[in-house]
Amino acid sequence: MTPASRDTARESGKDKDKDGVRDKDGVRDKDGRKTIRVVLAEDQGMVLGALAALLEIEGDISVVGQARNGKEALEAVLAHKPDVFITDIEMPHMSGLDVAAELKRRRTGTRVVIVTTFARSGYLRRALESGASGYLLKDMRAEELADAVRRVHQGLRVIHPELATEAWAEMDPLTDRERQVLRLAGEGMASGDIAGELGLSDGTVRNYLSEAISKLGASNRVEAARIARTKGWL
């Protein structure tokens with residue numbers, strides 16, 4: 001191999017990044033230190049852009065992918081294989097909790113941080129059950145988010161202090177299937193449409209709804225969905 005071809009081969013494995021060098025092992029800062037690779041998911045464009053800009057200011061964090069719905073988020077994580085995935089909860093197509101659960105099922109190794117406006121223990125409990133390593137509220141300072149990313153990357157768990165003590169105060173009585181059916185019912189779907197969506201019979205859907213309504217002490221499916229959503233169980 002000639003010197004020129006060796007140079008070409010070396011360059012094929014890396015390219016310049018605005019703050020450093022990207023090589024086969026990931027992005028490194030200008031001092032050669034490997035940075036924490038992050039994918040962001042948030043359905044509000046302005047919030048997504050602000051989070052990306054704030055994290056990029058940190059010399060040891062690099063945003064390698066962004067998504068505005070759950071399906072795009074899952075695809076971005078699988079494509080980029082980031083160290084940390086930061087996501088909102090409520091997004092189109094798949095929620096952040098659904099994406100976290102799927103990443104856990106696939107054993108991707110990416111650590112998940114939930115950043116949300118919902119200060120509800122039910123959401124926190126579901127996030128932890130889905131494999132999330134962090135649960136933070138959007139009113140935190142930028143440096144707190146950056147520090148949380150570093151701590152989660154090190155294998156630690158980061159939970160907003162307001163929720164840490166009450167995480168298991170009230171257990172979610174719903175099964176996964178009851179939650180699915182009730183979520184769709186709360187969105188206004190009829191039993192027949194829910195059955196078609198989930199591949200169930202009408203009778204099975206009605207049974208799930210009846211169980212959910214009974215467990216929540218509600219008078220109908222609309223009230224049951226409202227109660228469950230208020231507690232963070234949907």
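Reader: What space lies in the largest cavity?

Author: The model is predicted. A search of the whole structure finds one cavity of 30 Å³ or more. The space in the largest cavity is about 30 Å³.

Reader: How do the residues of its lining divide by class?

Author: The lining of the largest cavity consists of A41, E42, L51, I86, T87, D88, V115 and K138. Asp, Glu, Lys and Arg count as charged. The division is four nonpolar, one polar and three charged.

Reader: Which residues are the closest to the centre of the largest pocket?

Author: The largest pocket has a volume of about 450 Å³. Its lining has 19 residues, and the closest to the centre are H93, S95, D98, R183 and E187.

Reader: Which element gives the largest share of that lining?

Author: Two or more residues each come from α4 (96–106), α5 (121–129), α8 (176–186) and α9 (191–198). By class, the lining of the largest pocket has nine nonpolar, three polar and seven charged residues. The largest share, three residues, is from α8.

Reader: Which element gives the most to the lining of the second largest pocket?

Author: The second largest pocket has a volume of about 270 Å³. Elements with two or more residues in its lining are α4, α5 and α8. With four residues, the most comes from α8.

Reader: How many charged residues does the lining of the second largest pocket have?

Author: Among the lining residues are D98, R126, E129, D176, R179 and R183. Two nonpolar and two polar residues are also in the lining, and the charged residues number six.

Conventions:
Residues are numbered from 1 along each chain as its sequence is written. This is a predicted model: local features need pLDDT of at least 70, side-chain atom pairs count only at pLDDT 80 or more; totals for chains, interfaces and linings use all residues. Side-chain values use heavy atoms; hydrogens and water are left out. On a 1 Å grid over the protein atoms alone, a cavity is a set of points where a 1.4 Å probe fits but cannot get out, and a pocket is an open set with protein on both sides within 12 Å along at least five of seven lines; lining residues have an atom within 4 Å of a point. Grid points are joined across faces, edges and corners, and a volume is the space filled by probe spheres set on the points.
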